[in-house]
Amino acid sequence: MLLSGCAGQAVGYILEHIRENPTVDQVADYCHFSKFYFSRRFKAETGESPYTFIRRARLEESAFRLKTEPERTITDIGWDCGYSSCNYSTVFRQRFGMGPMDFRRSIRQASFQHPFCHRWENGLSALEEMCGAVEYRNLPPLTVVYERHIGDYHDLGRQWSDFMAARRSLRTNRSQFLARSFHDPAITGSRRCVYDLCMTVDPDCRGEGVSVVPGGPHIVYPFRGPVWYIYTAYQVIFNLWLPQTGRRLSEASSYDLYHCMAGPEYVEMDICLPLHC
């Protein structure tokens, strides 16, 4: 589902400030609308009220940290996401059907049993070998024109075609294409993931739909293979690489920087995930 300027901006603001526990009033003010008009428009486009989306996003952010930061206590993670120790377990159970401790114990297996997960033919050993290909890089910021979607990624081929056709006038021989991801499908659910289709533009470019993808320290995995293995590659990083290293991802979004796309059977791209300094 393509999100309009209002809903897309609101979602971006919420996700960027999720640890600050933004209110519906604050998000409506950011979008320059009354709370009533904004709430009605947001729900019409996303299928959720702003309050429901904010609450869900906070819990999903905490779940992602439980998954990728096993050395941290459940209390600390809940507190970072705006929950006191006395109510975190209760609201977490309402969202995920289990408490934070049970979730942490089960999420690795659940991630690799997800419908999106396709394993390499030679099994887990091949997945573990991927960890050795992860690199540390200091990446530059990228100015992009973007289009925001919420959904399950199944229409990406058509969405990319429409996106590039609509922005043909901005494309140059230096343009790069990237998909920016805000959610882990193993946690958020396949149909509720927010993602952006992006094309780099001149840093002086201004206008609606222009944003800056932050630079800085990243972990980068050079992915080469069919598109149906991309989810698996992410889960190897989330479930195997990060817990082994003790490194933390920052709150910024991850992105896939494309180098070659020869159809769904073969893609060359870098999976780029921002590190917490």
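Colleague: Hi! What average pLDDT does the chain have?

Modeller: The chain averages a pLDDT of 88, and 95% of the residues score at least 70. pLDDT is the predictor's confidence in each residue, from 0 to 100. In this predicted model, local features need pLDDT of at least 70 and side-chain atom pairs count only at pLDDT 80 or more, while totals for chains, interfaces and linings use all residues. Residues are numbered from 1 along each chain as its sequence is written, and side-chain values use heavy atoms, with hydrogens and water left out.

Colleague: Which elements have the lowest and the highest mean pLDDT?

Modeller: Helix H8 (residues 124-130) has the lowest at 59, and strand S3 (residues 177-181) has the highest at 95. Helices (H or I, at least four residues) and strands (E, at least two) are DSSP runs, numbered from the N terminus.

Colleague: Now the sheet. What order do the strands have?

Modeller: The order is S1-S6-S8-S7-S3-S4-S2-S5, in an open sheet of eight strands with antiparallel pairing. Two strands pair if DSSP finds at least two bridges between them. S1 (135-139) and S5 (210-213) are the edge strands, each with a single partner, so one side of each has no neighbour in the sheet.

Colleague: Is S8 mostly covered or mostly open?

Modeller: Mostly covered: seven of the eight residues of S8 (residues 267-274) are buried. Buried means under 20% relative accessible area, exposed over 50%, and partly exposed in between (1.4 Å probe, protein chains only).

Colleague: Switching to helices, which strands does H9 lie across?

Modeller: H9 (residues 156-166) lies across S2, S3, S4 and S7, running at about 40° to S4. Axes are lines fitted to C-alpha atoms, for helices over the stretch in contact (heavy atoms within 4.5 Å), and angles run from 0 to 180 degrees between N-to-C directions.

Colleague: Which residues of H9 are buried?

Modeller: Gln 159, Trp 160 and Phe 163. They fall within an arc of 100° seen down the axis of H9, so they line one face of the helix. The arc is that of the directions from the helix axis to the C-beta atoms.
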